[in-house]
Amino acid sequence: MLTPVSGNKVEYDIRTYRYHRTVSSQKSEAPLKCKVAAGSVAATLLPMVLLAKKQNVKLHKIKYGVKELLLVGTCAIAGGTAAGMIAEKEYAKQKLNEGVFQFMNATVPTLICGGIFELSNKVKNLNNNAFKIVGTLAGLFAGMHIAAALSNKINDPQDKVPDRKLTIKDSIANIDDALGVLVLTRVPIAAKLHVDKILPVIFSWCGYRAGMSN
């Protein structure tokens, strides 16, 4: 409700109205957020359980290679996307498009950086820290833009709508690619920081973002 805030001249404080509107909006989104989060987390844990069983280790002891990273990341994004599509059918197309974008953004840079490290290990003159650092940065940058271009082409082959652009959040989300590279290359700092334990959380967040997109 609007309330008067001065004596002689009647003015109205809209802060109360904005507050109640914000609270109402948050309440209406709460069930959706819970469903999408649950779908993303469950879809992340399922492949982890299977991998742990296959490797005969506990969840936090899973050894990740390219296939393992792709499996967990794909399932997490698919789970969050599917949960969002079911919960908000009117935005199903948008959520599917964002799911494709998140999948590409999570996998393409990792594959490129993994290839760069493989090349570094095979070519003596390239097997040094300088090449690996520069190669990783270049791979992440190029991979993000290639992933965006591919996802836009897949989602809108006729180019009828504006392309999905990379955002700051997308760049932050790409920390999973950087961490994935650390895990794949088995650098000492990755073991000390327990990077492999952080990756599933980031994958779940990517799935959550896709499921909440409208």
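User: How should I read the packing of two helices in this predicted model, and at what angle do helix α3 and helix α4 pack?

Analyst: Two packed helices are described by the angle between their axes and by the distance between those axes. In this predicted model, helix α3 (residues 92–122) and helix α4 (residues 129–155) pack at an angle of about 150 degrees, and their axes are 7 Å apart. Since angles over 145 degrees count as roughly antiparallel, α3 and α4 are therefore roughly antiparallel to each other. The crossing in which α3 passes α4 is right-handed, and the contact of α3 with α4 has, by class, 18 nonpolar, 10 polar and two charged residues.

User: Which helix holds His145, and is His145 buried or exposed, or partly exposed?

Analyst: His145 lies in helix α4, and with a relative accessible area of 42% it is partly exposed, because partly exposed covers the range between the limit for buried, under 20%, and the limit for exposed, over 50%.

User: At what angle do helix α2 and α3 pack, and how far apart are their axes?

Analyst: The description again rests on the angle and the distance between the axes. Helix α2 (residues 66–87) and α3 pack at an angle of about 165 degrees, with their axes 9 Å apart, and α2 and α3 are therefore roughly antiparallel to each other. Here α2 passes α3 in a right-handed crossing. The residues of α2 that make this contact include Val66, Leu69, Leu70, Ile77 and Thr81, while those of α3 include Lys95, Leu96, Gly99, Phe103 and Leu111. By class, the contact of α2 with α3 has 10 nonpolar, seven polar and one charged residues.

User: Is Thr81 buried or exposed, and with which residues is Thr81 in contact once its neighbours within four places in sequence are left aside?

Analyst: Thr81, which has its place in helix α2, is buried, with a relative accessible area of 6%. Leaving aside neighbours within four places in sequence, Thr81 is in contact with Lys95, Leu96 and Gly99, and also with Gly207, Ala210 and Gly211.

User: What does the phi angle tell me about a residue, and what is the phi of Asn56?

Analyst: Most residues other than glycine have a negative phi. Asn56 has a phi near 60 degrees, a positive value in a residue other than glycine. Asn56 is found in the loop between α1 (15–55) and α2, and at a relative accessible area of 70% Asn56 is exposed.

User: Where is the place of Asp159, and what is its phi?

Analyst: Asp159 has its place in the loop between α4 and α5 (168–173), and although Asp159 is not a glycine, its phi is positive, at about 55 degrees. With 54% relative accessibility, Asp159 counts as exposed.

User: How many helices and strands does the protein have, and in what order do the elements run from the N terminus on?

Analyst: The secondary structure comes to eight helices and two strands, and from the N terminus on the elements run β-β-α-α-α-α-α-α-α-α. Of the 214 residues of the protein, 38% count as buried, and the protein exposes about 13100 Å², of which carbon and sulfur atoms supply 65%. Among contacts in the protein with a separation of 6 or more, residues 24 or more positions apart account for 68%.

Conventions:
Residues numbered from 1 in each chain as written. Predicted model: local features only at pLDDT ≥ 70, side-chain atom pairs only at ≥ 80, totals over all residues. Heavy atoms only, no water. Axes fitted to C-alpha atoms, helices over the stretch in contact; angles between N-to-C directions. Helix = DSSP H or I, 4+ residues; strand = E, 2+ residues; numbered from the N terminus. Parallel < 35°, antiparallel > 145°, perpendicular 65-115°, else oblique. Left-handed = near helix turned anticlockwise from the far one by under 90°. Nonpolar A, V, L, I, M, F, W, Y, C, P; charged D, E, K, R; others polar. Buried < 20%, exposed > 50% of the residue type's maximum accessible area, 1.4 Å probe, protein only. Contact = heavy atoms within 4.5 Å. Areas by Shrake-Rupley, 256 points an atom, 1.4 Å probe, with all protein chains shown as cover.
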